[in-house]
Amino acid sequence: MNFASLPSVDVAAVPSDGFVLDVREDNEWAAGHVEGALHIPMSDFVARFGELTEAADDGRRVHVMCRVGGRSAQVTQYLVQQGIDAVNIDGGMLAWDGAGRPMVTDSGDPAFVL
């Protein structure tokens with residue numbers, strides 16, 4: 001796979017109301033995530049692809065997130081091949097956290113990157 005041509009953005013370029021797709025596993029999501037993000041683990045992605053197409057049917061850009069950017073790059077490449085406007089978030093959740101962007105948990109506990 002050639003990720004050099006993959007569309008990607010810095011965490012600072014993700015709009016506060018941007019559509020974020022988080023492809024990390026359940027335990028990573030539970031530790032902390034972007035508020036309002038759609039969570040579909042990469043391991044379930046093909047089976048749950050319809051959830052994404054339904055959520056993104058307004059044509060808005062999909063910002064794909066994982067922990068550091070490897071899994072999200074693979075999912076971004078797949079989405080681009082399906083004709084979806086998708087970009088990989090460089091550095092993933094580690095960069096998001098490092099940039100001081102807000103994170104939440106479903107439990108109300110302090111958020112962190114697992």
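R24 is buried, with a relative accessible area of 0%, where buried means under 20% relative accessible area, exposed over 50% and partly exposed in between, for a 1.4 Å probe and protein chains only. R24 forms a salt bridge with D22, the closest N and O atoms being 2.8 Å apart, and D22 also counts as buried, at 1% relative accessibility. The model is predicted, so that local features need pLDDT of at least 70 and side-chain atom pairs count only at pLDDT 80 or more, whereas totals for chains, interfaces and linings use all residues. Residues are numbered from 1 along each chain as its sequence is written, and side-chain values use heavy atoms, with hydrogens and water left out.

**Salt bridges**
- Six salt bridges are found in a search of the whole structure, each being a side-chain nitrogen of Lys or Arg within 4 Å of a carboxyl oxygen of Asp or Glu.
- R71 and E28 meet through their side chains in one of these, at 2.9 Å from N to O, and this pair links distant parts of the chain, 43 residues apart, with R71 in helix α3 (residues 70-81) and E28 in helix α1 (residues 26-31).
- Within that pair, E28 is buried at a relative accessible area of 9%, whereas R71 is partly exposed at 24%.
- D58 and R60 form a further salt bridge, with 3.1 Å between the closest N and O atoms, and R60 counts as partly exposed at 36% relative accessibility.

**Strands around β4**
- Helices (H or I, at least four residues) and strands (E, at least two) are DSSP runs, numbered from the N terminus.
- Strand β4 (residues 62-65) is covered on both faces, V62 and V64 being buried on one side and H63 and M65 on the other.
- Strand β2 (residues 19-22) runs parallel to β4 and is joined to it by four bridges, and F19 has V62 as its bridge partner in β4; two strands pair if DSSP finds at least two bridges between them.
- Strand β5 (residues 86-89) also runs parallel to β4, with three bridges between them, and V64 stands opposite N88 in β5.

**Largest pocket**
- The largest pocket has a volume of about 210 Å³, which is the space filled by probe spheres set on the grid points, these being joined across faces, edges and corners.
- A pocket is an open set of points on a 1 Å grid over the protein atoms alone, where a 1.4 Å probe fits, with protein on both sides within 12 Å along at least five of seven lines, and lining residues have an atom within 4 Å of a point.
- Its lining has 17 residues, of which S16, D17, G18, V34 and E35 lie nearest the centre.
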